[in-house]
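Please read the points below alongside the sequence and the model. They begin with the contact between the chains and then turn to single residues.

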Amino acid sequence: MPVEFNTEMIDAPIPGQSLTNEPGSYPWEKPPKLNTVDEVISNYLPMFNNEDMVIDLLNQMEAGIPITSIVSLITKSGTMIGLHSIDTGLLASPVLVEMLISVADASDVDYVIGTEKVDSVKPRMSSIRATLKDFDPKLEMPEVVEEEPMEELPKEPMGMMARREV
Amino acid sequence: MSKEIKSMYRNMDKSLNKSPVAKESSSGLLSQKSKPVKEESSVAEYVKQIRKIRGESNARRI
């Protein structure tokens, strides 16, 4: 009997495959282009002058994505393309967080920084607005029909030797 | 990495919200001019400046 073989299994990388590449073949294995925190910050700041970029960032913040997560994504992608090291990206991150807060404040967008305690998180106005967007107050609510409780049938004896009613 | 960013931001926020402590200037013979500036302190300065500008613009809008 032929056994079905899952071909997806052999598409996965072999353990240790990443070590077979030549060292320095990835951008993050090369020396970073920007070496100081000042350079990293001045590289990211023009991003906030790009209107399309700012709109995208505002949409993400309005959707409820924490600012720290957005900043993490930005700095990670910078590291991946070999722009800066992880350390300098991490050191520059508070400035990016502050810049995003400023942009959100200027645009009256509710935001979550990501450092708030879970208990203190209140529902944001934007999410409430999004939920009530399609809500029509004139819409009549369907009447709730209460189901009558089912009459309980007398239990039949289940044993093998039990007498049955004829 | 988001976790590290959170903790770093929290620590920076804490240190910036503390009341500033006046440092006494050293009367030593060694020159203080060539003292290297910590990168973290320059980031704190950036954050301070951004907060100041944001506070001003928010006050203007109100």
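1. Across the interface of chain B and chain A, 6 residue pairs are in polar contact, both residues at pLDDT 80 or more; a polar contact is a pair of N or O atoms within 3.5 Å, where within protein one must be able to donate a hydrogen and the other to accept it, and residues adjacent in sequence count only if both atoms are side-chain atoms. On the side of chain B that touches chain A, α1 (2–17) and α2 (39–61) of chain B each supply at least two residues, and α2(B) gives the most, with 11 residues. By class, that side has 9 nonpolar, 3 polar and 8 charged residues.

2. This is a predicted model, in which local features need pLDDT of at least 70 and side-chain atom pairs count only at pLDDT 80 or more, whereas totals for chains, interfaces and linings use all residues. Residues are numbered from 1 along each chain as its sequence is written, chains are lettered from A in the order in which they are written, and side-chain values use heavy atoms, with hydrogens and water left out.

3. The count between chain B and chain A is 3 salt bridges, each being a side-chain nitrogen of Lys or Arg within 4 Å of a carboxyl oxygen of Asp or Glu. R54(B) forms a salt bridge with D105(A), and the closest N and O atoms are 3.6 Å apart.

4. The contact (heavy atoms within 4.5 Å) takes 20 residues from chain B and 27 residues from chain A. The area buried between the two chains, that is, the accessible area (1.4 Å probe) lost on being put together and summed over both, is about 2,200 Å², of which carbon and sulfur atoms give 67%. In chain B, M1(B), I5(B) and Y9(B) lose the most area to chain A, together 30% of what that side buries.

5. H84(A), in the loop between α4 (67–80) and α5 of chain A, is buried, with a relative accessible area of 2%; buried means under 20%, exposed over 50% and partly exposed in between, with a 1.4 Å probe and protein chains only. The side chain of H84(A) makes a polar contact with the side chain of Y44(A) at 2.6 Å. Leaving aside neighbours within four places in sequence, H84(A) is in contact with several residues, among them P32(A), L34(A), V40(A) and T75(A).

6. D108(A), by contrast, counts as exposed at 63% relative accessibility. D108(A) has a positive phi of about 55° although it is not a glycine, and is found in the loop between α5 (86–106) and α6 (125–132) of chain A.

Terms used:
Helix = DSSP H or I, 4+ residues; strand = E, 2+ residues; numbered from the N terminus. Nonpolar A, V, L, I, M, F, W, Y, C, P; charged D, E, K, R; others polar.
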